[in-house]
Amino acid sequence: MLHLLYILAFTVLAFIAVGNLIRNLIMFSFDRERPYPARSSGMGNQGGFGYYGAKRQSVPHPELLDNAGNLIKEPLLVMRSINVEDARQQLDALYESSPGQKIERSEEA
């Protein structure tokens with residue numbers, strides 16, 4: 001009987017937790033779309049940092065800027081496809097050139 005009471009209690013708690021999670025996600029999505037006025041008090045914004053400062057002026061990450069400070073519009077990662085044999089040869093070459101591999105070969109000789 002006590003087991004059924006535990007199962008019932010944790011089921012109710014699980015439903016409450018999932019309900020709160022869904023409600024918070026919905027409220028958060030509505031909260032992001034709502035515009036906030038700029039705070040004029042010195043304590044509220046702390047020099048333009050935080051959530052309110054980020055909403056007012058969007059600053060890109062430094063890795064997305066070139067040396068002159070302009071936004072990079074080209075892809076940052078270009079991947080080329082290679083076949084399995086080429087990949088195996090490259091991995092074998094890396095393995096053979098690793099420092100641990102040279103020590104193991106001298107011990108085997």
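## Overall fold

The protein contains 5 helices and 0 strands. Along the sequence the order of elements reads α-α-α-α-α. The model is predicted.

Of the 109 residues in the protein, 3% are buried. The accessible surface amounts to about 10500 Å², and carbon and sulfur atoms account for 63% of that area.

## Helix H1 and the annotated segment

Helix H1 spans residues 2-33. The UniProt record, an unreviewed entry, places a "transmembrane region" at residues 6-26. In the model, residues 6-26 are 100% helix and 0% strand.

A nonpolar patch on the surface is formed by Leu2, Leu5, Tyr6, Leu8, Phe10, Val12, Leu13 and Ile16. Together these residues have about 840 Å² of accessible area. One of them, Leu13, has its place in helix H1.

## The loop between H3 and H4

Helix H3 covers residues 51-56 and helix H4 covers residues 84-96, with Leu76 in the loop between them. Glu63 also lies in the loop between H3 and H4.

Which accessibility class does Leu76 fall into, buried or exposed? The relative accessible area of Leu76 is 58%, and the cut-off for exposed is over 50%, so Leu76 counts as exposed. Glu63 has a relative accessible area of 64%, and therefore Glu63 is exposed as well.

How far apart are the C-alpha atoms of Leu76 and Glu63? They are separated by 9.5 Å, while the two residues are 13 residues apart along the chain.

## Summary of the picture

The model is made of helices, with 0 strands, and buried residues make up 3% of the protein. In the loop between H3 and H4, Leu76 and Glu63 have C-alpha atoms 9.5 Å apart.

Note on methods:
Residues are numbered from 1 along each chain as its sequence is written. This is a predicted model: local features need pLDDT of at least 70, side-chain atom pairs count only at pLDDT 80 or more; totals for chains, interfaces and linings use all residues. Side-chain values use heavy atoms; hydrogens and water are left out. UniProt positions are given in the numbering used here, feature names are shortened, and annotations may be inferred rather than shown by experiment. Helices (H or I, at least four residues) and strands (E, at least two) are DSSP runs, numbered from the N terminus. Buried means under 20% relative accessible area, exposed over 50%, partly exposed in between (1.4 Å probe, protein chains only). Accessible areas come from the Shrake-Rupley method with a 1.4 Å probe; for residues, only the protein chains shown count as cover. Patches are made of residues with over 30% relative accessible area and no salt bridge: like charges are joined within 9 Å, nonpolar side chains (Val, Leu, Ile, Met, Phe, Trp, Tyr) within 5 Å. A salt bridge is a side-chain nitrogen of Lys or Arg within 4 Å of a carboxyl oxygen of Asp or Glu.
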